[in-house]
Amino acid sequence: MLSPCNTTVDGTNRELLAHGTGAFPVGCYHDDLCRGEVVWHWHEELEAAVVSEGSVAVTIGGQTCTLHTGDGFFVNTGVLHAARAAGDGPCRLHSLVFHPRLVGGSLDSVFYQAYLLPLMHTPDQTNFYLSGGDPARRPALEMIERAWQACAGEGPHFELTVRASLSELVALLLDYRQAVPHESEKGRALRDSERIKTMLAFVHSHFAEPLTVADIARSAAVSPSECLRCFRRTIGRTPAQYLRDCRLRRAAELLSGTDLPVAQVAADCGFDDVSYFTRVFRACRQATPTAYRRGGVQKAK
């Protein structure tokens, strides 16, 4: 069943949305990024997407790439990622989020053991940006689109087409893998992943309070300099930038969903200076808080 994008996360940035059903664990989405960005999140499921229109800036595991119509990407289990429109025109994604068991079956099957586990156990080597201009990557993009069209259309036997297409995609992705990284590099990637999830959870719980890089670093028992490096390596942003984005996102929600005075919204979101809040909000949302509340601009910007 085709659904719109509606990413909601818990305090650790884990996505809360259930994808598909227990019997058919795949969600099929038509994401209009002009209506809102896909915020930082992670999930146990695998995700594959193709840009159906426009340009999209996607960040997966700290690497950002601008994709255009016909390009795509794959995100492994447990990996933080985000997406936003790149440019002023229409911007849409065809995305599928599916549980590994859709392809792998039971945990002791040859499909799960021989194909899904190798793919999922080296996430630093199996998050892919797929260029539509690269003949070697085009088959993977075709499988994603074939699965998406079947899932969206729900024609006769569509479940078999979706599963077969995603199985072929997994096989292609395994062939695309680079050499397995050195054990120390894998260890660093895993440490970074756990640390960043802890620090993002801390920011989500305390964003209304005065926070410094040192405060965020202490939540994961690392130094401020290591905190900075971890943020840049993993999500491509500084702690201060992420904190500001978190505060502004919550401010936009309060402006849209409550009648709280602008000064109260600013204070509740960690801004102790209303003038500064107004400047920052306007720079990021292309409208003052009051105009945004009135709906004088497209609120997804």
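User: What relative accessibility does E37 have?
Analyst: This is a predicted model, in which local features need pLDDT of at least 70 and side-chain atom pairs pLDDT 80 or more, while totals for chains, interfaces and linings use all residues. Residues are numbered from 1 along each chain as its sequence is written, and side-chain values use heavy atoms, leaving out hydrogens and water. E37 counts as partly exposed, the class between buried (under 20% relative accessible area) and exposed (over 50%; 1.4 Å probe, protein chains only). The relative accessibility of E37 is 40%.

User: Which residue forms a salt bridge with E37?
Analyst: A salt bridge here is a side-chain nitrogen of Lys or Arg within 4 Å of a carboxyl oxygen of Asp or Glu. For E37, the closest N and O atoms of the pair are 3.7 Å apart. The pair links distant parts of the chain, from the loop between β2 and β3 (38-41) to helix α8, 212 residues apart. The partner of E37 is R249.

User: At what angle do the axes of α8 and α10 cross?
Analyst: Axes are lines fitted to C-alpha atoms, for helices over the stretch in contact, with angles from 0 to 180 degrees between N-to-C directions. The axes of α8 (residues 239-257) and α10 (residues 274-285) come within 11 Å. The two helices are therefore roughly perpendicular. The crossing angle is roughly 90°.

User: Which residues of α10 make the contact with α8?
Analyst: Contact means heavy atoms within 4.5 Å. On the α8 side the contact is made by R244, L248, R249, A251, A252 and L255. R249 also pairs with E37 in a salt bridge. On the α10 side the residues are F277, V280, F281, C284 and R285.

User: How many residues apart in sequence are the parts tied together by R92 and D32?
Analyst: R92 and D32 form a salt bridge, with 3.7 Å between the closest N and O atoms. R92 belongs to strand β9 (residues 92-98) and D32 to strand β2, so the pair joins parts separated along the chain. R92 counts as partly exposed at 25% relative accessibility, and D32 counts as partly exposed at 22%. The separation in sequence is 60 residues.

User: What is the relative accessible area of D192, which meets R233 in a salt bridge?
Analyst: The side chains of R233 and D192 meet at 2.7 Å, N to O. The pair ties helix α7 (residues 224-235), which holds R233, to helix α5, which holds D192, over 41 residues of sequence. R233 is partly exposed at 28%, whereas D192 is buried. The relative accessible area of D192 is 7%.

User: How far apart in space are T212 and A240, C-alpha to C-alpha?
Analyst: T212 sits in the loop between α5 (183-206) and α6 (213-219), and is partly exposed, with a relative accessible area of 43%. Along the sequence, T212 and A240 are 28 residues apart. In space, C-alpha to C-alpha, the separation is 7.9 Å.

User: How many strands does the protein chain have?
Analyst: Helices (H or I, at least four residues) and strands (E, at least two) are DSSP runs, numbered from the N terminus. Of the 301 residues of the chain, 45% count as buried. The chain has 11 helices, and its strands number 10.

Notes
Parallel < 35°, antiparallel > 145°, perpendicular 65-115°, else oblique.
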